[in-house]
Amino acid sequence: MHSMPIISLPMYDIHHPTTLGLTSALTTLLAQRGVQAEVEWHSDLLPHWRDENLLLSQTCGYPLVALLPDVQLVGAFQSSAQGCEGLRYRSWLVARQEDENLSLSDFRGRRAVGNSVDSHSGYNALRYLVAPLAQDGTFFSETQLSGSHRQSLAALRDNRADVAAIDCITWALLRAHYPAELSGLEIIGETPLCAALPLITSAKTDATTLEQLRSALNELTSAKQYQPLMVQSLISGFAVPERAFYDEVQAWEDQAAEYGVTVL
């Protein structure tokens, strides 16, 4: 068993020094409030998100509604990345430059790549968009699962797939830090806006600690000393929506199923 509560920010860990800056700031702000925590990094995220010692992590809206009924919602970051509005974000539809003048309907019978079936931005959102275009429940000739948005982009660059839905915040962070990973690729469309990635804590976290968490996150996103870190992270604020804010993630899956599309 862990002796100390866990903090991790795994979802937008594109530029690790920046992510370390965020986790370091949070541990400092929490310590100032009498809450001790240690930072951990996990590749197997579902057990991490379900850990009773989880003090703070970031998950995707799809696991929140489908796989994590017991965790508590702490809130969500607002992002300044292009494509975001308030507490909502979208995915870009991305293809190679040779296909930059095509629209999504032109990719019928071609190859898609998604990061994982439990991703909203890379799978659920794309399924939602192609569902009205599908015939007999299918639209693409095949859909590969890459494991991450970055691996999906690599599949596009290497001509192993033709189209992907990529989280707009991930795209913006890659453009800032690893632009070569976007080389030869173009945005050919976009998904509608959906609820931003949720920050979560264990069901065991008490109400006082939850308030301290929210207080620390509010200070992180508003205090002048952290503004350079916020700019680097494309974080422009923190807010606490109702959990029902994430119901639309499930609604997108349900609407695709009404068209007979349950898998990409």
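The model is predicted, so to speak of local features we need pLDDT of at least 70, and side-chain atom pairs count only at pLDDT 80 or more, while totals for chains, interfaces and linings use all residues. Residues are numbered from 1 along each chain as its sequence is written, and side-chain values use heavy atoms, with hydrogens and water left out.

First, the overall build. The protein has nine helices and 13 strands; these are DSSP runs, H or I of at least four residues for helices and E of at least two for strands, numbered from the N terminus. Along the principal axes, the C-alpha atoms fill a box of roughly 55 × 35 × 30 Å.

Of the 264 residues, 52% are buried. Buried means under 20% relative accessible area, exposed means over 50%, and partly exposed is in between, with a 1.4 Å probe and protein chains only. Taking contacts with a separation of 6 or more, 81% are between residues 24 or more positions apart; a contact means heavy atoms within 4.5 Å.

Now the salt bridges. The whole structure has 14 of them, each a side-chain nitrogen of Lys or Arg within 4 Å of a carboxyl oxygen of Asp or Glu.

Take Asp 162 and Arg 110, whose closest N and O atoms are 3.3 Å apart. Asp 162 sits in the loop between helix H5 and strand E9, and Arg 110 in the loop between strand E6 and strand E7, 52 residues apart. Asp 162 is buried at 4%, whereas Arg 110 is partly exposed at 22%.

Next, Arg 127 pairs with Glu 253, with 3.4 Å between the closest N and O atoms. This pair links helix H4 to helix H9, across 126 residues. Arg 127 is buried, with 3% relative accessibility.

Then there is Glu 181 with Arg 150, at 2.6 Å from N to O. Glu 181 is in the loop between helix H6 and strand E10 and Arg 150 is in helix H5, so the bridge ties together parts 31 residues apart in sequence. Glu 181 counts as buried at 17%; Arg 150, at 25%, is partly exposed.

Finally, salt bridges with shared partners join Arg 96, Glu 98, Asp 99, Arg 110, Arg 111 and Asp 162 into one network.
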